[in-house]
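I am opening a new page for this structure.

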Amino acid sequence: MAGPRVAVVGSGVAGAGTAFALAAGGAEVVVVDSVLPGQATAAGAGIIQPWSSTATGPAYELYAAGAAYYPTLIERLAEVGVADIGYRVTGSLVAQADAARLDEVEERLRRRTAGVAVAGTVERLGERDARALFPPLAPELGAVYVSGGARVDGRMLRAGLLAGARRLGAVVVDAPARLVPAHTGTCAVHTPGGDVGADVVVVAAGAWVNSVVEPLGYRSPSSRSAGRSLTSSSRTARPLTGRRSCRSPATTSSRSTPAASWSARPGRPAAASTRGSPPAGCRRC
Ligand SMILES: Cc1cc2nc3c(=O)[nH]c(=O)nc-3n(C[C@H](O)[C@H](O)[C@H](O)COP(=O)(O)OP(=O)(O)OC[C@H]3O[C@@H](n4cnc5c(N)ncnc54)[C@H](O)[C@@H]3O)c2cc1C
């Protein structure tokens, strides 16, 4: 039996990762993104070192699980022919002038990295040793070094995840998307080239999330919405914060009528993904 048809709005690291995971799990995936200027994934420093974070509870657990997942992710992408996502274990320094505060950081790091293979080892460094590893460091700063700290190139990671998703059958459309109420209790992912029908819609639109979901009367509960994905489906039908549940019209409408034309935008990174790939299952407005 075919998996559910999922429309993912936004293809920064959150949307691209979602698309890859869903395609690998057998879903029929359509990703819609117009690659807006200001995409956080392209701007991010890509530092992967969750263990010194002051985050706690589920937020920290998710953060740490994400860091630990990279080796598996790299393997999974290699299985579908994606060779390099720009992930490098570089080691990381947490620098601090206040020795007492650095003590706290060191204690937290040692506690959280114990038994975590990907985190490597933790070492307290004096000013001189810290500067030897990172010469621009101010002379008064001591540091704690974590050998498993890593960096990832956000653009390469995103491109690799999208390439992997496409190899598993996902379609990537370069277009602005809007969620629009379709008929009672349903919504459609509207693009200038046609509506994308889906059983489930995942909104991973980063800082733009509210502009995507507000036409449905929803609002992200957090103003710091970058990096969050919001999901709504005919099955879960859980409103975010707002009036309506969101059900895709695909359960009742055309899955197989392609949009008439899907053009690539020159010079956009996502453009290649759309060339010659009408989003199967999209219907014309
Ligand atoms: C300067 C900076 C440094 C950072 N450094 C780090 C770091 O060192 N380590 C770390 O872990 N994190 C870091 N981050 C945070 C990290 O980059 C973000 O959390 C992450 O990239 C967010 O990804 P995202 O997919 O949620 O959002 P984005 O990457 O912003 O993607 C959202 C996508 O949605 C698309 N979109 C929005 N609206 C629409 C629409 N209507 N139709 C179609 N498409 C739409 C946009 O075009 C965009 O591609 C940093 C962020 C910044 C800005």
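Predicted model: local features only at pLDDT ≥ 70, side-chain atom pairs only at ≥ 80, totals over all residues.

**Entry: the ligand.** I looked up the shell and found 31 residues surrounding the ligand. The closest are Gly-10, Gly-12, Thr-41, Gly-44 and Gly-206. Which elements supply at least two residues of the shell each? I noted α1 (13-24), β2 (28-33) and α2 (40-43). By type, I read 18 nonpolar residues, 12 polar and 1 charged.

**Entry: the core.** I turned to the largest nonpolar core, which has 54 residues. Val-9, Ala-19, Val-29 and Val-31 touch the most other members. α1 gives the most to this core, 7 residues.

I then followed Ala-19. Beyond its neighbours within four places in sequence, Ala-19 is in contact with residues including Val-8, Val-29, Val-31, Leu-161 and Ala-170. Another core, of 13 residues, lies apart; among its members are Ala-119, Ala-130, Val-144 and Val-146.

**Entry: the sheet.** I found an open sheet of 3 strands in the order β3-β8-β4, with antiparallel pairing. β3 (47-48) and β4 (87-89) stand at the edges with a single partner strand each, so one side of each has no neighbour in the sheet. I checked the pairing of β3 with β8 (residues 150-152): 2 bridges join these antiparallel strands. Ile-47 stands opposite Arg-151 in β8.

Methods
Residues numbered from 1 in each chain as written. Near = placed C-beta within 6 Å. Helix = DSSP H or I, 4+ residues; strand = E, 2+ residues; numbered from the N terminus. Nonpolar A, V, L, I, M, F, W, Y, C, P; charged D, E, K, R; others polar. Core = buried A, V, L, I, M, F, W, Y, C linked by C-beta atoms within 7 Å. Buried ≥ 20, exposed ≤ 12 C-beta atoms within 10 Å, placed from the backbone. Contact = placed C-beta atoms within 7 Å. Pairing = 2+ DSSP bridges.
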